[in-house]
Amino acid sequence: MAKVAANNGEKGEKYHRILAAAQKIFAQNGFHNSKVAQIAKEANVADGTIYLYFHNKDDILISLFEDRMRMLIDVLRKELATIDSLADKIRAVIRLHFRLLREDPDLIEIITIELRQSTMFMKEYQNQQFRSYLQVLGDLLKEGKDQGLIRQDVSPGLMKRALFGMMDEISLLFVLSHKQNKYSIENVSEELSEFFLRGIWHDASELP
């Protein structure tokens, strides 16, 4: 799978070039230590050009998150459309999350660490794309309940956040420890998938 990266969409090539530069600068320097001028230099645009598209550095960070989440959701939905088994769909969600850890570590670092440094993100942002991502998980869990595959006492609204929380915490461990070789990403993905599925499945002995 290719990196979840910016494309030349409706907002224009320069807009997406700025986001790509911001992802690199934020990951290298941290959000607080990054300057708009550094992003402009990396994107090969004038400092003032940044403000034609963004209000401030926080706006760049949030726009970057929204853009990458939108593309992640698109990749996820396309992958899920090719899978029949509900259990395998849930495994695919987890597998994709950890593939990103290997294929786009800068993005994972921004999601797990740098977003939390933005007061605007934590207090003002409405999390539209994140809610859409969680909805994909919630819909899978609801589908499983409707089919009798998942226990009826499982709350899709709660469990979709529990699953993301586990994936986010493990990703944070990789980012902070810088010991990616200590754990195999593939093994982590498989172990978490089976742990989660056995906890919610109606009859774990029949888990495909």
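Predicted model: local features only at pLDDT ≥ 70, side-chain atom pairs only at ≥ 80, totals over all residues.

**Exercise 1.** Classify the pair formed by Y15 and Y53, and state which helices hold the two residues.

*Solution.* For Y15 and Y53 the centre-to-centre distance is 5.9 Å and the planes make an angle of 55°. Because planes under 30 degrees apart count as stacked and those over 60 as edge-to-face, the pair falls into the remaining class, tilted. Y15 belongs to helix α1 (residues 13-29) and Y53 to helix α3 (residues 47-53), so the pair ties together parts that are 38 residues apart in sequence.

**Exercise 2.** Decide whether Y15 and Y53 are buried, partly exposed or exposed, and name the cluster to which they belong.

*Solution.* Y15 has a relative accessible area of 7% and is therefore buried, whereas Y53, with 32%, is partly exposed. Ring pairs join Y15 and Y53 with F54 in a cluster.

**Exercise 3.** Determine the geometry of the pair Y133 and F164, and locate its two residues.

*Solution.* The ring centres of Y133 and F164 are 6.0 Å apart and their planes stand at 80°, so this pair is edge-to-face. The pair links distant parts of the chain, 31 residues apart, with Y133 in helix α8 (residues 128-146) and F164 in helix α9 (residues 156-177). Both Y133 and F164 are buried.

Key
Residues numbered from 1 in each chain as written. Heavy atoms only, no water. Phe/Tyr/Trp six-rings, centres within 6.5 Å; stacked < 30°, edge-to-face > 60°. Helix = DSSP H or I, 4+ residues; strand = E, 2+ residues; numbered from the N terminus. Buried < 20%, exposed > 50% of the residue type's maximum accessible area, 1.4 Å probe, protein only.
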